[in-house]
Amino acid sequence: METVMVVEVLGGHGRVRARHRIAASGGEVQCTVGRGARCDVVLDDPFVAAVHARIAVDAEGTVTVSDLESVNGVEIGGRRLHGVEQVRLADGVLRVGRTRLRVRTEREVIAPEQPDRGAPSWQARASEQRVLAAGVAASVAVTVFEVWTGTARPRELATTLVAMLLVMLALAGVWIALWALASRVAFGESRWVRHAVIVFVVYAVLSVVALVAEIVNSALGLHVSSTVAAAVLVGVGASTALSSHLVNASPMRARIAVTIGVTIPAVIIAAILWTQTRNENRSPSHIADHDRILPPALLWRRGLPFDGFTAELADLRARADARRAFVEREDPSPDEDDSE
């Protein structure tokens, strides 16, 4: 009966750089690891001794490691051991010098093969590129529309449009490059197309949804605060983008990445809303502006009658006086402190 083990030399990101298959008849197989030519697994690592360690696998598939009086010892489970004999290797991974090794045996449980029902890799890349092209086109169209509807002077339209497009592309390029660098460090590949898809698709969808929400808010007369609506939309978009970036650029689990991606924007936006609301409540002259001016054809629900509008207008002074009194009670002026 032949006993077999495979020693894998791991490189960066856990990728296999070399495999050594060692077999022996009988119930046990063993091999030596080191820099010397007489070793079974030869490593090009200056921190490894000529004959550094011995790896053995018995008939039951148990892997043990022995240190052969090396200077740097062997590292198992995060602990560096010197002069040990037949230490059991539970997960099959050890470090000698600065080289990681993984030992596989016949008793290893292999997952079943996955059915090949997907498209070839070049088709998957082509699909990502098509989605990226659609996202860039939609983002440019949304930016053009916002600049066109927000520019008061027609002669400044071309200059403003070019400046906005350049700023958008520059910021997106820097953002994509940073996440591509993170992916390169974590997985050894940039995945820049995927990160670009996330940026442009989220921006385009968020801009279209924000525009539709503003029109519906004004057309139906819902009077939802534009600040709150914008904060909610930005929070959803930022959470989606950040979670997607973390999933594709970090080795953390998807659940943890999504939790972090949702928590960070939520905390930041909540702090900004709280600060802004507090400042507005302390300002006697603040008047909330809820609605956009729309053509009459888009107004599905009419506003207040003239009498009701006049009554609300007359009430502005009373509300401003009440707010001023509240602010003075909370933060009295220096003159009042001296008079007391």
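I256 sits in helix α5, which spans residues 254-281. Helices here are DSSP runs of H or I with at least four residues, strands are E runs of at least two, and both are numbered from the N terminus. The model is predicted: local features need pLDDT of at least 70, side-chain atom pairs count only at pLDDT 80 or more, and totals for chains, interfaces and linings use all residues. Residues are numbered from 1 along each chain as its sequence is written, and side-chain values use heavy atoms, without hydrogens or water.

I256 is partly exposed, at 43% relative accessibility. On this scale, buried means under 20% relative accessible area, exposed means over 50%, and partly exposed lies in between, with a 1.4 Å probe and protein chains only. I256 belongs to a nonpolar surface patch with M252, I260, I264, I268 and I272. Together they have about 490 Å² of accessible area. Such areas come from the Shrake-Rupley method with a 1.4 Å probe. Patch residues have over 30% relative accessible area and no salt bridge; nonpolar side chains (Val, Leu, Ile, Met, Phe, Trp, Tyr) are joined within 5 Å. A salt bridge is a side-chain nitrogen of Lys or Arg within 4 Å of a carboxyl oxygen of Asp or Glu.

Next comes helix α6, residues 306-330, which holds A325. A325 is partly exposed at 31% relative accessibility.

Now the second largest pocket. Its volume is about 550 Å³. A pocket is an open set of points on a 1 Å grid over the protein atoms alone, where a 1.4 Å probe fits, with protein on both sides within 12 Å along at least five of seven lines. Lining residues have an atom within 4 Å of a point. There are 19 of them, and W175, V199, V202, Y203 and A241 lie nearest the centre. Helices α2 (157-187), α3 (192-219) and α4 (226-249) each supply at least two lining residues. By class, the lining has 16 nonpolar, three polar and no charged residues.

Last, two backbone features. Most residues other than glycine have a negative phi. E69 has a positive phi of about 55° and is not a glycine. E69 lies in the loop between β6 (63-67) and β7 (74-76), and is exposed at 77% relative accessible area. Q86, also not a glycine, has a positive phi of about 50°. Q86 is in the loop between β8 (79-81) and β9 (87-88). At 58% relative accessibility, Q86 is exposed.

Technical notes: Grid points are joined across faces, edges and corners, and a volume is the space filled by probe spheres set on the points. Ala, Val, Leu, Ile, Met, Phe, Trp, Tyr, Cys and Pro count as nonpolar, Asp, Glu, Lys and Arg as charged, and the others, Gly among them, as polar. Patches are made of residues with over 30% relative accessible area and no salt bridge: like charges are joined within 9 Å, nonpolar side chains (Val, Leu, Ile, Met, Phe, Trp, Tyr) within 5 Å.
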